[in-house]
Amino acid sequence: MNKGIVGFHIDDQGDWVADLECGHAQHVRHNPPWINRPWVLEVEGRKRALGTLLDCLKCNMPRIPSEAQQIACSAMLTQQAISEKDADLQCNDADTWVKVVVHEGELIYQQIADKTIGYVIDSEFAAVIAPGERFVLREKGRVRYQLFYYHNS
Ligand SMILES: [Zn+2]
């Protein structure tokens, strides 16, 4: 979903982050040769970028319907729960929404249907897995997280 850039800030690792009109934030790193955004390092470059559109990944995250009811939640899980699974690839039940809430650390969540969409999930941003979604969940080091299951009533 395209959202305008309204400002910039630097995160605690020294990387530039764009503030978007929707209230979300997205990294705009300059990390050559992988990502070339030399303009983000210059005041003038950042000024020129104000108002331009970025595809906000967080706005693209599915939303659990408001009428859905929580039916269960997992115990607190750690990175071990992921590495013990046989396969990376998982498929969500056809009638279940899953919310992935990270309490500590980070998880990578990737949708298989569109290989270009991946998310870093942390304590400030939960993942929502739509019914029937095929996905990969991967740890990024030490993590503590919980899964909440919802059914459409
Ligand atoms: Zn957004």
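Before the first entry, a definition: domain bounds here come from an automatic or database domain assignment. I note too that this is a predicted model.

**Entry: domains.** I looked up how the chain is divided and found domain 1 (2–60) and domain 2 (68–152). Taken over C-alpha atoms, the centres of domain 1 and domain 2 are 26 Å apart.

**Entry: the zinc ion.** Which protein atoms are the donors of the zinc ion? I found Cys22 (SG), His24 (ND1), Cys56 (SG) and Cys59 (SG), at 2.0 to 2.3 Å from the zinc ion. Along the chain, these donors have the spacing C-x1-H-x31-C-x2-C. I then checked the angles among the four donor atoms: they run from 105 to 114°, and the site is tetrahedral.

**Entry: Gln26.** My next stop was Gln26, which sits in strand E3 (residues 25–27). Is Gln26 buried or exposed? The relative accessible area of Gln26 is 17%, and buried means under 20%, so Gln26 counts as buried.

I wanted to know what surrounds this side chain. A polar atom of the Gln26 side chain lies 3.1 Å from the backbone oxygen of Asp55. Setting aside neighbours within four places in sequence, I listed the contacts of Gln26 as Val17, Ala18, Leu20, Leu54, Asp55, Cys56 and Leu57.

Notes
Residues are numbered from 1 along each chain as its sequence is written. This is a predicted model: local features need pLDDT of at least 70, side-chain atom pairs count only at pLDDT 80 or more; totals for chains, interfaces and linings use all residues. Side-chain values use heavy atoms; hydrogens and water are left out. Donors are N, O and S atoms within 2.8 Å of the metal (3.2 Å for Na, K and Ca); water is not among the atoms, so sites may look incomplete. Four donors count as tetrahedral if all angles lie between 85 and 135 degrees; four count as square planar and six as octahedral if opposite donors are over 155 degrees apart and all others between 65 and 115; anything else is irregular. Helices (H or I, at least four residues) and strands (E, at least two) are DSSP runs, numbered from the N terminus. Buried means under 20% relative accessible area, exposed over 50%, partly exposed in between (1.4 Å probe, protein chains only). A polar contact is a pair of N or O atoms within 3.5 Å; within protein, one must be able to donate a hydrogen and the other to accept it, and residues adjacent in sequence count only if both atoms are side-chain atoms. Contact means heavy atoms within 4.5 Å.
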